[in-house]
Amino acid sequence: MKIWKTIDDMRAASRAAHREGKRLGFVPTMGALHEGHLSLMRAAKAKCDVVAVSIFVNPLQFGPREDLTKYPRTFEPDRELLEKEAVDILFAPTPDEMYPAGAVTYVTVEGLSEKLCGRSRPGHFRGVTTVVAKLFHIVEPDFAFFGQKDAAQATIIRRMVRDLNLPIEIVICPIVREPDGLAMSSRNAYLSPQERKSALVLQRSLTQLRNRFDHGERNATNLIAAGKQVLAQEPGVRLDYFEIVDPATLDPMQELSSRALVAIAAFVGNTRLIDNLLLPEAT
């Protein structure tokens, strides 16, 4: 595996792969890698000739009261995992490399970036789309792989790629869960043993909602009420949002007459976790 830390080196590696006619797959990450990330790399390996992964803790997507300084930085264990997965290229730039002094240019997907997590975390998705646009420009992949767990992010990045006519295919891969059902996340490391147990209520609430859907309920208000009823059983969990939205627009739905995204965000202690499901589920 080659490790590049400068934009010029990463660009040279990408262009060399393309000159050889190879398909380049890309998985952007902030490190603290877990099985969810590794599943994206395996999907990329299955579809592409060369796989590049970035590790960059992006300061633009953290709010003033969020956990940029606390965010886990585990470069050596991450590097070892990437070696085991036979990743070809690791791009690990510094903030100074990614953001020139005095940079004032941002990429914003209007009308989507203010919804779901964007409403709770103002400016978050502007930070995400800015850094992903820059990474796409640097790495120049043919395919980019993201996880369904960050469903709003996936929708926003797809729209950005479409609107900016970027020649990249976005591939969204399924949520990877722990054996007990908790969606894998780098932030799970923040949870105490008791909080880790309490966090399972997110998945239980989604399961209850899905059961109501499977029994014929299609009214969004009723479905959300069923999910919230389960959440209320865990006093240590504070709900941020529980919504059913159109997966393409992130607009709330009243009746589930077409594909719907059920999205939840909640604080377990001081840790904010997200989870979601698509209805009807793929068969």
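I began at strand E6, where I found that Ile-172 is the bridge partner of Phe-146; helices (H or I, at least four residues) and strands (E, at least two) are DSSP runs, numbered from the N terminus, and two strands pair if DSSP finds at least two bridges between them.

Before going on, I noted that this is a predicted model, in which local features need pLDDT of at least 70 and side-chain atom pairs count only at pLDDT 80 or more, while totals for chains, interfaces and linings use all residues. Residues are numbered from 1 along each chain as its sequence is written, and side-chain values use heavy atoms, with hydrogens and water left out.

**Strand E5 and its partners**

Five bridges join E5 to strand E6 (residues 169–173), and the two run parallel. Strand E2 (residues 24–29) is also parallel to E5, joined to it by two bridges, and here I recorded Ala-144 of E5 as the bridge partner of Phe-26.

**The whole chain**

I looked up the overall content next and found 10 helices and nine strands. The radius of gyration, taken over C-alpha atoms with a globule rule of 2.2 Å times the number of residues to the power 0.38, is 19 Å for the chain, which agrees with the value near 19 Å that a compact globule of 283 residues would have. Along the principal axes, the C-alpha atoms fill a box of roughly 55 × 40 × 40 Å.

Buried residues make up 51% of the 283 residues. Of the contacts (heavy atoms within 4.5 Å) with a separation of 6 or more, 73% are between residues 24 or more positions apart. The chain exposes about 13,500 Å², and carbon and sulfur atoms supply 51% of that area; accessible areas come from the Shrake-Rupley method with a 1.4 Å probe, and for residues only the protein chains shown count as cover.

For charge, I noted 36 positive and 35 negative side chains, with the centres of the two sets 1 Å apart. Lys and Arg count as positive and Asp and Glu as negative, while His and the chain ends are not counted; the place of a charge is taken as NZ of Lys, CZ of Arg, CG of Asp or CD of Glu.

**Leu-231**

I went to helix H10 (residues 220–231) for Leu-231, which counts as buried because its relative accessibility is 7%. Leaving aside residues up to four places away in sequence, Leu-231 touches Val-201, Ser-205, Val-237, Leu-239, Phe-242 and Ile-264. I also took the C-alpha to C-alpha distance from Leu-231 to Leu-200, which is 9.8 Å for two residues 31 apart in sequence.

**Backbone details**

Ala-32, in the loop between E2 and helix H2 (35–47), has a positive phi near 50 degrees although it is not a glycine, and I noted that Ala-32 is buried, with a relative accessible area of 11%. Ala-86, in the loop between helix H3 (75–84) and strand E4 (89–91), likewise has a positive phi, about 60 degrees, but Ala-86 is partly exposed at 39%.

My last entry concerns Pro-280, in the segment after strand E9 (271–279), where the peptide bond from Leu-279 to Pro-280 is cis, with omega near -10 degrees.

Methods. Buried means under 20% relative accessible area, exposed over 50%, partly exposed in between (1.4 Å probe, protein chains only).
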